[in-house]
Amino acid sequence: MSNVSATTSESSRYHENTFRETYELEKNLIVDKDNDAICDGFKETLTVSVRSLIRELERNKNYFENSTDFSIYTGTTGIANLYYHYGTNYKDQSYIDRAAEMIEKSLSSLKTSKRVITFLCGSAGPLALGAVINHLHFSKDKSRSMISDLAGLSKHVIGKNSDCPDELLYGRAGYLYSLLFVNNRITPPPFETSLIKQVIGCILNSGQVTAKAVRCKSPLHYSWHDKLYLGGAHGLAGILFLLLQAVPYLTEYQLKEQIEPAICYLIKMRFASGNFPSSVGNQSDKLVHWCHGAPSMTMLFCQAYQVFANPEYLRVALECGDVVWSRGLLKKGYGICHGVAGNAYTFLYLYQTTKEIRHLYRACKFAEWCMDYGKHQNRTPDRPFSLFEGLAGTIYFLIDVQKPLLAKFPAYAI
């Protein structure tokens, strides 16, 4: 389907991007500049592909329906998240019903501990997603019960003896996402401002302690497994991106004296290529994934530009976009975390920020690549049908690209 050759670059990590640079030279129209949108024909192609890939997922349901992994990241609740996304976008109640059933099963099997307080990898994800689905479609009583349980996890996050990390996958930022996710989708917002401010305060205090301990020039830094990670999944960028989505809960001091200087610090960490290292001191310029590298940085700097209106942040975001365009067709696969679909969200965020059609065109070309599912990867993911590593995440992106101004990177953007 795509017109990219399988010719590889010198890198062993990505295919050379041989897509045309400008949409005007395309033989088959993809984007409509006059209407600032995807052409109807290409949108129909995307829909056909989504439905074909959903059928492929269904044919392999035995691989995930009996799984003991109930997380959104690689487990059954991630599949439920896709089903809900598909059902709401295509107005198919059967998929919404299935999503609710899968979440119910997840919650009956999950055990609460201090390690499972995040949206992506813990019980907070099924609770938050279940609360929203039940509130909007099924039982408000069930929703309220899930909200109460989600609030109860806060003792592991803000308690005096909490040793909770701060990053997105396993830490406080992942719990903060759960609270914001629910408050953004249920009216009136069920979680009190005071709770969200407490979580934010813990994240900021922890970042200050770590920054001082490692004598960092940034007022905030965070450690995960003894490394100062910088990317979206485990690092500073992911935490800052979550904080910038919580601006109504932040003070002016927190924004200007803690968060913005940390953003400026990140800019100084860039490689000459425009990409970012995975962690402080790592000189290997090879990872261009959402979890490590330019893609999540694009999202952070787009968000920073919207909050602070500093054109420097937009410039950095655009340069990150060029890195992803050049090096983002990964051989590793098509997933959200470290694959082509996750990288493609780079262009959707740039399009949302700038409204420039070239970014939408780039997103569509990466979508073309994803529609050729399985043809360009050199390995099978460990969880090949999951939301963040496999097929479910690719389908999620192909749905999102059809409504580019409403697209949100799952479990990351509010």
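A residue is called buried at under 20% relative accessible area, exposed at over 50% and partly exposed in between (1.4 Å probe, protein chains only). The model is predicted, so local features need pLDDT of at least 70 and side-chain atom pairs pLDDT 80 or more, while totals for chains, interfaces and linings use all residues. Residues are numbered from 1 along each chain as its sequence is written, and side-chain values rest on heavy atoms, without hydrogens or water.

Turning to the overall fold, the protein chain contains 16 helices and 2 strands, taken as DSSP runs (H or I, at least four residues, for helices; E, at least two, for strands) numbered from the N terminus. Of its 414 residues, 61% are buried. Among contacts (heavy atoms within 4.5 Å) with a separation of 6 or more, 67% join residues 24 or more positions apart.

Rings of Phe, Tyr and Trp (its six-membered ring) pair if their centres lie within 6.5 Å, with planes under 30 degrees apart counted as stacked, over 60 as edge-to-face and the rest as tilted. In one of them, tyrosine 63 and phenylalanine 385 have ring centres 5.5 Å apart and planes at 40°, so the pair is tilted. Tyrosine 63 belongs to helix α2 (residues 62-65) and phenylalanine 385 to the loop between α15 (357-371) and α16 (391-400), so the pair ties together parts 322 residues apart in sequence. Tyrosine 63 is exposed because its relative accessibility is 62%, whereas phenylalanine 385, at 15%, is buried.
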